[in-house]
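Please load the model in a viewer and keep the selection panel open.

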Amino acid sequence: MPKPDTCLVGIDIGSSKVGVLIGKKDDDGDIEIIGQGMAPNRGTRRGNVVNVESTVEALRHATEEAEMMAGYEIEGAFVGVAGFDVRSVNSRGMVAVTRKDREIRAADIQRVLDAAQSAALPSDREILHAIPQEFIVDDQGGISDPLGMSGSRLEVAVHLVTGHTTRGKTVLTCVNKAGIRVKELVFEPLAAAESMLRLQERELGTLLIDVGSGTSGFAFFLEGEVQHSGVCPIGASHFTKDLAQVLRTPFDEAERLKIQKGACLTSLVGDDEGISVPSVGGGTVNVVRRRELCEILQPRAEELLQLVHDDLQRVGRADQLRGGVVITGGGAQLSGLLELTEQVFDTGVRYGLPEGFKGLTQVIESPSWSTAAGLLRYGLLAEEAPGRGQPNRLSVKSMIGSLKGMFSDLL
Ligand SMILES: Nc1ncnc2c1ncn2[C@@H]1O[C@H](COP(=O)(O)OP(=O)(O)OP(=O)(O)O)[C@@H](O)[C@H]1O
Ligand SMILES: [Mg+2]
């Protein structure tokens with residue numbers, strides 16, 4: 001049985017499934033996948049828990065499966081969140097270094113990070129992440145770690161990700177009820193980035209889009225750090241709903257059609273192939289052409305991509321995609337989405353899959369596993385360098401702390 005302190009656990013509570021991965025840290029600093037569990041999730045919609053019981057049940061199933069495979073009992077986990085209400089904003093903080101020697105110490109760095117997070121937050125929101133983009137010492141910018149440098153003025157630019165307090169607490173409730181301690185809540189696109197973005201992409205300017213079932217999360221990286229992120233309220237299930245509505249076919253049939261025959265770029269499909277589509281309630285079977293499916297799917301795909309593009313343009317980043325776009329999440333597999341993304345963003349696009357893992361890598365060879373795999377790597381970094389990228393850990397801790405009493409009797 002692996003020792004507890006050598007294992008990491010990532011839990012992705014997605015709108016379609018709960019995915020759990022257990023990874024073991026090896027001596028080279030790599031992660032070996034040793035356990036995987038998955039259960040369909042009917043308790044989460046658009047990234048938000050709408051039914052606690054169903055979500056807890058899915059969590060129990062998925063974690064038990066992963067535990068059996070790994071021969072390891074899960075105690076704590078890094079848990080992804082991606083609700084439609086997650087918001088991000090860039091903020092700055094500045095403090096004076098008044099000590100005689102002007103040497104910047106850890107306490108100064110903490111003070112300036114606190115200052116950057118002190119912007120007034122509505123009482124119903126919590127900071128999930130406060131990720132330093134750069135430190136500025138006097139007028140010298142682009143510094144990643146100012147510890148030990150000399151200066152009289154220390155500034156920082158941070159990327160703040162905030163979430164709805166009660167929705168975050170509901171996620172904690174669910175995970176606690178499944179008998180697991182939440183080590184940290186992680187915004188899912190940031191976790192996914194850890195599993196697949198290459199160093200050069202992070203430096204050059206790359207957008208990651210995670211096309212999930214209920215929503216599509218995105219994050220833009222430049223000069224090594226996240227510069228912008230957000231959630232678009234359209235995911236792969238909207239494509240299925242469109243097909244079901246227009247073709248008057250049951251949702252499950254529409255899902256099958258989308259996966260087997262769907263495409264979202266009419267120029268990629270001929271108009272000759274006829275496909276049988278059963279109608280709602282059985283009885284009749286209609287025949288539609290593949291091109292007709294595409295005519296239903298393409299406008300929705302364009303809407304999704306355009307919303308993300310407009311948001312990137314709003315923050316002045318749409319023309320900084322020198323590293324291209326990486327699409328992942330189960331919905332990224334829709335035929336034609338890659339080519340359509342190239343057209344909308346006018347840059348190179350690739351599919352993103354988890355990279356650089358060891359062990360049972362075949363279980364994560366699907367873009368649906370990007371987030372769970374990324375949570376393991378995020379966890380590794382967080383445990384190796386506590387505080388890095390998470391100077392706000394206190395706020396999450398306080399949420400967890402306030403819940404501990406409530407749920408201790410359930411554990
Ligand atoms: N070949 C395919 N073509 C198109 N869509 C697909 C394909 N395979 C899976 N999908 C879609 O991927 C979605 C599941 O993706 P994923 O597992 O990333 O979602 P999730 O993480 O559960 O949801 P969310 O991130 O929104 O909470 C389903 O809605 C499914 O329709
Ligand atoms: Mg997801």
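How many salt bridges are counted between domain 1 and domain 2? The count is zero, where a salt bridge is a side-chain nitrogen of Lys or Arg within 4 Å of a carboxyl oxygen of Asp or Glu.

Before selecting anything, note the conventions. This is a predicted model, in which local features need pLDDT of at least 70 and side-chain atom pairs count only at pLDDT 80 or more, while totals for chains, interfaces and linings use all residues. Residues are numbered from 1 along each chain as its sequence is written, chains are lettered from A and ligands numbered from 1 in the order in which they are written, and side-chain values use heavy atoms, with hydrogens and water left out.

**The two domains.** Select residues 87-162 as domain 1 and 199-353 as domain 2; these bounds come from an automatic or database domain assignment. Their centres, taken over C-alpha atoms, are separated by 37 Å. Seven residues of domain 1 and six residues of domain 2 take part in the contact (heavy atoms within 4.5 Å).

**The interface.** The two domains bury about 490 Å² between them, of which 42% is on carbon and sulfur atoms; buried area is the accessible area (1.4 Å probe) that two parts lose on being put together, summed over both. Next, display Ser88, Gln133 and His159: in domain 1 these lose the most area to domain 2, together 68% of what that side buries. Five residue pairs, both members at pLDDT 80 or more, are in polar contact across the two domains. Such a contact is a pair of N or O atoms within 3.5 Å; within protein, one must be able to donate a hydrogen and the other to accept it, and residues adjacent in sequence count only if both atoms are side-chain atoms.

On the side of domain 1 that touches domain 2, the elements giving two or more residues are β7 (87-96), β8 (125-137) and β10 (153-164). Strands (E, at least two residues) and helices (H or I, at least four) are DSSP runs, numbered from the N terminus. The largest share, three residues, comes from β8.

**The β8 hairpin.** Now select β8 with β9 (residues 140-143): the strands run antiparallel and are joined by two bridges. Phe135 has Ile143 in β9 as its bridge partner. Two residues lie between the strands of this hairpin, where Asp138 takes a positive phi near 50°.

**A salt bridge to finish.** The whole structure contains 24 salt bridges. Select Lys183 and Glu383, whose side chains meet in one of them (2.9 Å, N to O). Lys183 lies in strand β11 (residues 181-187) and Glu383 in helix α10 (residues 370-384), so the pair ties together parts that are 200 residues apart in sequence.

Methods. Two strands pair if DSSP finds at least two bridges between them.
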